[in-house]
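Please look over the sequence and the structure before reading on.

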Amino acid sequence: MLKRLLNPSFIDSDTNPIGDNLYKIILAVLLFVTVSYSTALLFQHQFITRYIMMITLTSLVSLIAVFLLKKGYPKVSAYFYILSLLFFIIAFAWTGGGIQGNGIRLLPILVLIAGITIGRKEILLFCVIVSLSTFCLIIANHFNLLYVKEPIKNSDFINWVYSTTFIFLLCFVEYMSLGRLNKALCEAKAEIALRKKSEEKYRLIFESFQDVYYQTDIEGKILLITPSVKYHTGYEVEEIIGKNVNEFYVNPIEREFLLNELKLRGSVLNYELDLKIKNDKMINVIISCKILYDENGIFNTIEGTIHDITQRKNAEVIIKLKNEKLIEVAFLQSHIVRRPIANILGVLDLINKNNPADPINLELLPKLEEISKDLDDVIKQIVQKTKEIDEMN
């Protein structure tokens, strides 16, 4: 029953911490007021109207605050409840004891309650209101405006009841404050752990990046680059950071072309150029990059990726050479080979097959041998070019 009372179904402490804290505080304050003033009522019958009014008004305000919580207005409920309690304290101090009245003891606790349920800016304003209100009591007392000039006299037992209940209420509010602080610390630790995990994940992705990711300032100074740069260029990251990208362009004018295109469009995709790498070598790359702006909308950084296409370019060159060789082979087969074959066929038509001893046959044989050599030379050329194509693989 107590658990259900402290944790009602209409408040989710995870999604609505203000409402959860305020609800528990309302119960604690209501219990404090009821116990302390009910006890005082038994021993000070002359103030029965005053004590019953305190209990009744506190109960009424508590019900209204809980109703607002149930309707889903925790912030409104907090403002209403705290300001109502402040008004009651000042009003009862005005009519009984002034700045020395028992109710004034609740003001520090009320400040703690405000700190748990409302924002930091609002609590400063609340403290100013409390200070000014109590100062008004001093002014009123100085000019004899208070209804009762002296504090209401209490017995030792009543003082003990007030003090004890005040201490218990203060301890409860402090307990809630520490609980909220511990929860905030746990959430902070969890967030730090999650951030570290995210940073570790980002670092692994960053380090395993196959292409080269980089950032430069507007002047071209390299600010950030992935470790993959070593695989493609031979340079360590430390050798790259702080240098100007112009040092790595084979044709520095390409930097100006790329920058102008970037300023015009905001981003560039697959811009092809050549870069210098370690040991005076060169690689072919395509760059995709974009402009990054700061919070004022000023262009200050360029980020992009570099994709090495050297192997692809070399493969394209080889394919082009192969195609050229294949065209030559095709030409040899379709044109050069056809001529000696046609000559051979022509000579064969002239040979007298019915009379092998025909003198004309003797004249044609040397010619046939010459044509056969021509054909053999063409075949050798085809074989040689085929070998050259195989050697390109």
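The points below concern helix packing and cysteines.

The structure is a predicted model. Two packed helices are described by the angle between their axes and the distance between the axes.

**Helices α2 and α4**

- Helix α2 spans residues 17–43 and helix α4 spans residues 74–94; their axes lie 9 Å apart at an angle of about 30°.
- Because angles under 35 degrees count as roughly parallel, α2 and α4 are roughly parallel to each other.
- The crossing in which α2 passes α4 is left-handed.
- On the α2 side, the contact is made by I18, G19, L22, I25, I26 and V29, and on the α4 side by P74, K75, S77, A78, Y81 and L85.
- The residues of this contact of α2 with α4 comprise 9 nonpolar, 2 polar and 1 charged.

**Helices α2 and α3**

- Helix α3 covers residues 48–70, and its axis comes within 10 Å of that of α2, the two crossing at roughly 165°.
- Since angles over 145 degrees count as roughly antiparallel, α2 is roughly antiparallel to α3.
- Here too the crossing is described by its hand: α2 passes α3 in a left-handed crossing.
- Residues of α2 in this contact include G19, L22, Y23, I26, L30 and V33, while those of α3 include I48, Y51, I52, M54, I55 and T58.
- Further along, the contact also involves T34, Y37, S38, A40 and L41 of α2 together with S59, S62, A65, V66 and L69 of α3.
- The contact of α2 with α3 contains 16 nonpolar and 6 polar residues, with no charged residues.

**Helices α4 and α5**

- Helix α5 is formed by residues 106–117 and packs with α4 at an angle of about 170°, with the axes 11 Å apart.
- By the cut-off of over 145 degrees, α4 is therefore roughly antiparallel to α5.
- From α4, the residues K75, A78, I82, L85, L86 and I89 meet L106, L107, L110, I113, A114 and T117 of α5.
- This contact of α4 with α5 is made up of 10 nonpolar, 1 polar and 1 charged residues.

**Cysteines**

- The count of disulfides comes to 0, where a disulfide is a pair of cysteine sulfur atoms within 2.5 Å.
- C171 is partly exposed, with a relative accessible area of 47%.
- C289 is buried, with a relative accessible area of 5%, because buried means under 20%.

Notes:
Residues numbered from 1 in each chain as written. Predicted model: local features only at pLDDT ≥ 70, side-chain atom pairs only at ≥ 80, totals over all residues. Heavy atoms only, no water. Axes fitted to C-alpha atoms, helices over the stretch in contact; angles between N-to-C directions. Helix = DSSP H or I, 4+ residues; strand = E, 2+ residues; numbered from the N terminus. Parallel < 35°, antiparallel > 145°, perpendicular 65-115°, else oblique. Left-handed = near helix turned anticlockwise from the far one by under 90°. Contact = heavy atoms within 4.5 Å. Nonpolar A, V, L, I, M, F, W, Y, C, P; charged D, E, K, R; others polar. Buried < 20%, exposed > 50% of the residue type's maximum accessible area, 1.4 Å probe, protein only.
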